[in-house]
Amino acid sequence: MDKKSLNVKDILVNNGIIILILLMVLFVGVTKDNFFSMSNFNNVSINVACRFIIAVGVSGCLITKGTDLSAGRQVGLAACLAGTLLQKADYSGHFELTKGLPEMNVWIILMVCVAVCCIFGLVNGIVVAYLNVPPFIGTLGMQLIVYGINLVYTKAVPIGGYRQDYTTIANGKLFGIFPYLFIIAIVIGAIMWFMYNYTRHGKFIYAIGGNEAAAEVAGVNVKKTKIIIYMTAAGLYAIAGFLLGAKSGGANVNMGNGYELEAIAACTIGGVSVNGGIGRVSGVVIGVLVFEMLKTCLQFLGIDPNYQFIAQGIVIVVAIALDIRKYIAKK
């Protein structure tokens, strides 16, 4: 009996944030009109889509006991880069550097964004793997570098006037029901799930997170694997930034700011341990959804936006604290 009580207590404590937010969802759903509606479902799914893509990129870094604080700024750079290359030719506020360029295919621009961000991911990987700089410090430096480059490139001028074939990617719906963004997120999630569970690279990620020294002795090329992890993450940030720009219909240098913290919190809520070796794509989905539902509930309750930031900060701290508690308990 005591053992069962203890197990129930552990479940409640370890999943406390998820349980509390589920209760909040039920309360808001009962007391507020239109919460459980198709329009709200579409809004939530669209918001979750971009954040999930960022979070699943960060998850690989966390599983190997790393992190990536440059995620949000890379998202912003990709959004601005895509925006400047996909403006209407006759738009009055056309970006000077790209004025006169021939109209390029949307998917080619996406590849350009991915390639640019992967360069930053490569540098992150080299700094972490070969220079042995702690990921927190290395990616913090990259955060500032990317932000500075974006400021120089855009001159901090807001970007708009997008072509319709670009905005349709984010705002269109399959069969008039399922948002394209939602479908893209599902496809990316399926690819990452397959990679984590059924490829050598995925097994290497968990091996490094569990015990890096043992993984190296077992023949895992730790340095190469880390570089691939950070490059993959950067590619996902580029896709998220590209889609976020299309969804917003505009971009600026501060787009994506702080998204890396949301991503880390969502991963931790979903069971990805900052202590390495543990994490699933399904958990990332749950974590992102829980974090987004928290924000949606606060908005429906009419909570002042300033207090919403406080609530999100508390959730981040509690999520990390609970993760550390589970790690200590296992030891």
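A salt bridge is taken here as a side-chain nitrogen of Lys or Arg within 4 Å of a carboxyl oxygen of Asp or Glu. In this predicted model, glutamate 212 and lysine 226 meet that criterion, with their closest N and O atoms 3.1 Å apart. The pair joins distant parts of the chain, since glutamate 212 belongs to helix H10 (residues 212-217) and lysine 226 to helix H11 (residues 222-248), 14 residues apart. Glutamate 212 has a relative accessibility of 33% and therefore counts as partly exposed. Lysine 226, at 11%, counts as buried.

The structure holds 6 salt bridges. Arg51, Glu262, Glu292 and Lys295 are linked in a network of such pairs. Lysine 295 and glutamate 292 both lie in helix H13, 3 residues apart, which is about one turn of the helix. Lysine 295, like glutamate 292, is buried.

The largest nonpolar core has 84 residues, and Phe52 and Phe242 touch the most other members. Helix H3 (residues 38-63) gives the most to this core, with 14 residues. When neighbours within four places in sequence are left aside, phenylalanine 52 is in contact with Ala185, Gly189, Val281, Val284, Val285 and Val288.

Helix H4 (residues 71-85) is mostly covered, with 15 of its 15 residues buried. From its first C-alpha to its last, H4 reaches 21 Å, close to the 21 Å expected at 1.5 Å a residue.

Nonpolar side chains also occur at the surface. Phe27, Leu301, Ile303, Tyr307, Ile310, Ile314 and Val318 form a nonpolar patch there, with about 640 Å² of accessible area together. Helix H14 (residues 305-330) gives the most to the patch, with 4 residues. Leucine 301, one of the patch members, is found in the loop between helix H13 (281-300) and H14. Its relative accessibility is 30%, so leucine 301 counts as partly exposed.

Notes: Residues numbered from 1 in each chain as written. Predicted model: local features only at pLDDT ≥ 70, side-chain atom pairs only at ≥ 80, totals over all residues. Heavy atoms only, no water. Patch = residues over 30% accessible without salt bridge, like charges linked within 9 Å, V, L, I, M, F, W, Y side chains within 5 Å. Areas by Shrake-Rupley, 256 points an atom, 1.4 Å probe, with all protein chains shown as cover. Helix = DSSP H or I, 4+ residues; strand = E, 2+ residues; numbered from the N terminus. Buried < 20%, exposed > 50% of the residue type's maximum accessible area, 1.4 Å probe, protein only. Core = buried A, V, L, I, M, F, W, Y, C linked by side-chain atoms within 4.5 Å. Contact = heavy atoms within 4.5 Å. Expected span 1.5 Å × (residues − 1).
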